[in-house]
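Here is a briefing on how two chains meet in one model. Look over the sequence and the structure first.

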Protein chains: 2
Amino acid sequence: MVTIKQVAKRAGVSFKTVSRVVNNDPTVKAENREKILAAIEELGYQPNLAARMVRKKNSDVIGFISDEISTTPSSVDILRGAQDRAWELGKTLMVFNLDHKKPTPIKLLEECRQHRAEGVIYGAMYHQPVELPETFDKQPTVMVNCFDPNVERASIVPDDQQAAYDVTMQLLNKGYKRIAFLNLNPEIVAAKLRLAGFEQALQEFNIEQSNYLVETVERVIDGHTSDVTREVAERVIEEFKPDAILCGKDLVALRLYFVLEHKGLRVGQDIGVASFDDWDCIPQLLVPALSSVALPYYQMGRAAVSRIVEMVGDKQVSTHIDRVKCQISSRESF
Amino acid sequence: MVTIKQVAKRAGVSFKTVSRVVNNDPTVKAENREKILAAIEELGYQPNLAARMVRKKNSDVIGFISDEISTTPSSVDILRGAQDRAWELGKTLMVFNLDHKKPTPIKLLEECRQHRAEGVIYGAMYHQPVELPETFDKQPTVMVNCFDPNVERASIVPDDQQAAYDVTMQLLNKGYKRIAFLNLNPEIVAAKLRLAGFEQALQEFNIEQSNYLVETVERVIDGHTSDVTREVAERVIEEFKPDAILCGKDLVALRLYFVLEHKGLRVGQDIGVASFDDWDCIPQLLVPALSSVALPYYQMGRAAVSRIVEMVGDKQVSTHIDRVKCQISSRESF
DNA sequence: TTGTAGGCGTTATCAT
DNA sequence: ATGATAACGCCTACAA
């Protein structure tokens with residue numbers, strides 16, 4: 001590999017002058033700068049970041065420990081956002097995956113520290129509580145799409161309650177009066193928060209208990225989650241006769257579309273449908289296109305990096321939880 | 001940060017002895033090893049990889065330039081596979097995303113070289129030709145899910161032709177006699193290869209041209225691809241009356257299911273359906289569950305890292321193209 | 001404006 | 001079995 005000294009020799013100056021050019025120090029004679037830049041070009045010199053890192057105190061590296069994030073199709077956007085923001089700020093994101101049978105978070109954190117990461121981001125595949133080991137206190141840490149139920153830690157999560165409130169309000173404002181909510185497994189954080197937002201909106205409209213319904217479409221048996229959307233949806237439509245259905249995620253809506261197609265009910269006309277996730281191409285693929293509340297994963301990823309860089313700079317630890325607003329992608333299903 | 005010297009002081013030995021312990025050099029007295037390990041534990045010492053890298057010639061870093069890979073839900077599995085394999089081999093994968101309006105591949109390659117990456121993997125979101133700049137010749141390079149149409153370069157791609165051949169053979173063996181193939185945009189590599197595999201199987205069964213049909217379900221207008229599965233499927237079913245339909249991807253099959261539901265045709269009974277991708281939970285979500293040929297993304301990611309590590313070790317450049325076999329996930333749709 | 005000396009944390013060499 | 005000493009490529013401080 002080409003070193004700074006070889007460039008210096010080629011350009012006929014001392015290596016320090018080359019260093020100045022590389023680091024944009026203005027105190028270099030234009031003529032020398034030209035020569036040096038030419039030499040750099042010719043030799044294909046690239047500064048050795050490792051050597052630089054040894055001498056300087058900052059590594060410009062941010063660790064990202066992703067708890068099955070890249071296993072889940074939608075939440076990869078967190079990584080994309082984080083990557084993009086890191087690039088903008090001149091930082092390098094070093095990503096480590098954490099799978100079922102894979103290294104512990106502690107091992108991955110050690111890896112981060114060996115690379116002298118200035119801070120560490122811990123991201124989860126879906127909004128959930130995560131108890132991080134104490135070792136995470138040793139450097140700035142930001143949690144994305146998760147939070148520590150015991151310790152106060154800087155966190156970025158989607159505002160699920162606002163999301164449910166907003167979409168329910170929009171349904172009510174459009175005149176829907178009997179809404180059924182096909183919620184996810186009630187144990188998960190998002191389901192709880194969305195239920196709260198849903199009921200909050202209903203209260204504002206003074207909708208009575210008999211005029212709305214909440215059902216779960218996920219059965220958990222032995223830790224395995226199975227989906228029962230079709231049977232639940234059929235029953236709900238038969239017995240409760242809703243004029244609109246809010247789905248816990250796009251895949252629930254997708255199954256619902258099949259049920260409605262089968263029953264001859266036209267989405268957007270005979271019955272309104274709304275959903276959460278706005279996952280990839282699924283909403284546009286459906287006919288009519290599904291209105292869905294987008295989870296702001298990309299923004300969350302960006303926010304996480306912004307936050308960690310702030311923490312590294314200020315040294316002041318602000319441990320508040322950022323709830324990122326979710327936007328409704330309005331289409332034709334209600 | 002704790003240095004090796006601080007550990008040495010604590011343990012009452014020279015820093016070189018500590019270095020030996022850290023690097024598993026057996027020539028250290030057991031008693032001293034104990035003391036040193038204890039000191040390391042107490043101080044929370046983590047070796048500085050940057051400093052190590054300055055001294056050693058190998059960085060154990062592999063660069064991964066992902067061309068919109070993480071934008072595409074399925075192909076992230078390439079990254080997962082690469083990460084996993086890298087971890088197994090004691091390497092660190094440094095991932096850089098390449099988006100539409102983002103840094104050029106050349107810039108990202110420079111980044112890799114600044115980190116002294118031992119080799120670079122270039123991954124694409126879907127099987128396609130990619131012309132890499134000449135600068136990629138300067139170090140071991142492996143292409144995943146893509147290939148260079150001009151230069152011979154080590155590449156890992158899915159065996160689309162075999163995939164189509166296998167699934168078509170399976171359809172024919174099960175007794176289907178009039179197969180319609182709803183293929184993707186014929187300009188893309190996968191579509192061409194699959195068509196070849198499809199026809200190869202038909203020939204082996206001596207199926208005449210009048211007894212199979214190939215249609216495109218993607219319209220490209222001004223560079224934008226739009227899907228016309230529904231209208232094409234309706235026409236094909238009406239006019240050609242196939243007993244089985246092979247879909248270019250799961251999302252095409254998904255749309256087809258709606259058409260079939262609408263027409264009252266029962267999948268797996270009145271008509272067989274097969275597909276490519278085996279994308280996430282979509283195949284299982286459909287009723288009956290969709291049989292689909294899985295793209296071996298995870299394996300390809302692993303293979304890419306294995307390959308680059310070999311190249312780094314052997315210095316002998318083998319530029320052949322690895323075609324990774326695709327497995328059929330058999331379910332109930334045919 | 002430029003160059004020299006010293007040091008960052010580690011590994012390699014060669015004594016002891 | 002252990003420890004000085006040099007070296008890696010770069011940056012900082014200071015001197016010229």
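**Domains and the chain A–chain B interface**

Chain A is split into domain 1 (4-47), domain 2 (61-158 + 297-325) and domain 3 (160-294); the bounds come from an automatic or database domain assignment. The C-alpha centres of domain 1 of chain A and domain 3 of chain A are 63 Å apart. This is a predicted model: local features need pLDDT of at least 70, side-chain atom pairs count only at pLDDT 80 or more, and totals for chains, interfaces and linings use all residues. Residues are numbered from 1 along each chain as its sequence is written, chains are lettered from A in the order in which they are written, and side-chain values use heavy atoms, without hydrogens and water.

**Extent**
- Chain A puts 50 residues into the contact and chain B puts in 49 residues (heavy atoms within 4.5 Å).
- The two chains bury about 5,000 Å² between them, 62% of it on carbon and sulfur atoms (accessible area, 1.4 Å probe, lost on being put together, summed over both).
- Trp87(A), Arg116(A) and Phe258(A) supply 14% of the area that chain A buries against chain B, more than any other three residues.
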